[in-house]
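I opened this entry to look up ring contacts, charges over rings and helix packing. The coordinates come first, and my notes follow.

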Amino acid sequence: MRAYVLTDASLERYAGRFVWLSLNTEDAKSASFLKKYPIPALPTLLVLDAKRDAVTMRYVGGATVPQLRKMLDDAEKTYRAKSLSSADQLLARANALASAGKDAEAAKLFDQALGNAPKGWNGYGRTAESLLFSLSMARDAERCTTRALDLYPRVKGTSSAAGVAASGLSCAIEVDEKNPKRAQWIATLEKDTREVFDDHTLTLSGDDRSGLYMSLIDARDDAKDEAGAKKLRGEWAAFLEKSAAAAKTAEQRAVYDSHRLAAYLDLGTPEKAIPMLEQSQRDFPDDYNPPARLALAYNAMKEYDKALAASDRALARVYGPRKLVVLTARADIYTAKGDTAAARATMQQAIDYAKSLPEGQRSDGRIASLEKRLAAMKQ
Amino acid sequence: MLMAAAVLLASVAAHAKEVLPFIENDYATAVSRAKTKNLPIFVEAWAPW
């Protein structure tokens, strides 16, 4: 969003129509905001009504410039409206619940908003996506799947088609394997996802398309289709390389580092990530991400001393909850190297750090997970 | 994409200041300004990863 969308000149006309707040969720100064509005995935876009203390719009995910312009237009209209339609009222209540982390309750109201939607309602696609996201957060995979199957024909050909199809497919894969309908649900949603993927009339952002690859790969993995999954992973890596090569700035190129590394690790070719990450390290010397990713790549290459040196550089730069990811990756490097004592000490360091984070950034679930990992480590 | 598990493409520390006048990590200032000017607040929650 920051590298590709929020710098677009066509957004200038909105500059004086909103107060613009950029919230780095890793920054300690963001903790009080996060306590009020837990952020489940990044990016999350919100439009808030400060006078009424209400959530006017909420969207979890990235957006293209035209999608963002539409969101801003719709949100401004809702903010200025003297009265709201029943669908908009239900959506506002659902957004408030979802923003407070109450996803099961939010999902019911998102569903009611869709049921009350007038013909041609602007919010239909985004509400469908929000419904599926809340159902997935509430771990209701079956309802998420069946609603995606219902909703896809309604949003087909729109910018919400990718989100609905891929979210539905991800949910279908999470459905209990004993469910006799699971295979058919996956097959249908995989077909829908492929349909979006192949629809070149849709303008998809790079992360939307990359997300579609990931969902399709998950489906092939679930089907234990090794050849199909490998072929898709190769295509995914090639797509990301092409996108990075077409980038106009270093920031735009580095946007693809994360998924390119994931693709190379999945393909068993971590060495391919080294040149791009070294380039990013040169381009962004204060950023912890390039060395943190180099540590993962070198670990996969079994070059543990290089991995630890990269981890040192990342730890010198990282801050906020992300430091936990760097520390647990460092513990993994020590484990792979056979230094169990150092691995345990690093995991304990991660637990202590997790407990020291301010409310809003501290997560009891995360602390419990780290403690479980430490308990499972060999003495 | 909406799935939390499918971590979205990383944001990098590029800045959008040239086009949109972002307030950095200061919710209280944003609320105060929004109330004074009667404007909605647009929030981009992101992280440098």
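I looked up burial first: Y37(A) is buried and Y27(B) is buried too, where buried means under 20% relative accessible area, exposed over 50% and partly exposed in between, with a 1.4 Å probe and protein chains only. I note that this is a predicted model, in which local features need pLDDT of at least 70 and side-chain atom pairs count only at pLDDT 80 or more, whereas totals for chains, interfaces and linings use all residues. Residues are numbered from 1 along each chain as its sequence is written, chains are lettered from A and ligands numbered from 1 in the order in which they are written, and side-chain values use heavy atoms, with hydrogens and water left out.

**Aromatic pairs.** I counted rings of Phe, Tyr and Trp (its six-membered ring) as paired if their centres lie within 6.5 Å, with planes under 30 degrees apart taken as stacked, over 60 as edge-to-face and the rest as tilted. The count by this rule is 9 aromatic pairs over all chains. For Y37(A) and Y27(B), the ring centres are 6.3 Å apart and the planes stand at 90°, so I logged the pair as edge-to-face. Y37(A) lies in the loop between α1 (31-36) and β2 (44-49) of chain A, and Y27(B) in helix α1 (residues 27-37) of chain B, so this pair joins two chains; helices (H or I, at least four residues) and strands (E, at least two) are DSSP runs, numbered from the N terminus.

I then turned to Y288(A) and Y319(A), whose ring centres are 5.8 Å apart with planes at 85°, so this pair is also edge-to-face. The pair links distant parts of the chain, 31 residues apart, with Y288(A) in the loop between α13 (273-283) and α14 (289-300) of chain A and Y319(A) in the loop between α15 (304-317) and α16 (322-337) of chain A. Y288(A) is buried at a relative accessible area of 2%, while Y319(A) is partly exposed at 33%. I also recorded one aromatic cluster formed by F18(A), W20(A), F22(B) and F42(B).

**Charges over rings.** My rule was that NZ of Lys or CZ of Arg be within 6 Å of the ring centre and within 35 degrees of the ring normal. R209(A) lies over the face of F197(A), 5.0 Å from the ring centre, and the charged end of K323(A) sits over the ring of Y353(A), 4.7 Å from its centre.

**Helix packing.** I asked at what angle helix α7 (residues 161-174) of chain A and helix α9 (residues 206-222) of chain A pack. The angle is about 25°, with the axes 10 Å apart; axes are lines fitted to C-alpha atoms, for helices over the stretch in contact, and angles run from 0 to 180 degrees between N-to-C directions. That makes α7(A) roughly parallel to α9(A), given that angles under 35 degrees count as roughly parallel, over 145 as roughly antiparallel, 65 to 115 as roughly perpendicular and the rest as oblique.

The axes of helix α4 (residues 103-115) of chain A and helix α5 (residues 124-137) of chain A come within 8 Å and cross at roughly 155°, which makes α4(A) roughly antiparallel to α5(A).

**Chain B.** I found 1 helix and 2 strands in chain B, in the order β-α-β along the sequence. Buried residues make up 61% of its 49 residues.
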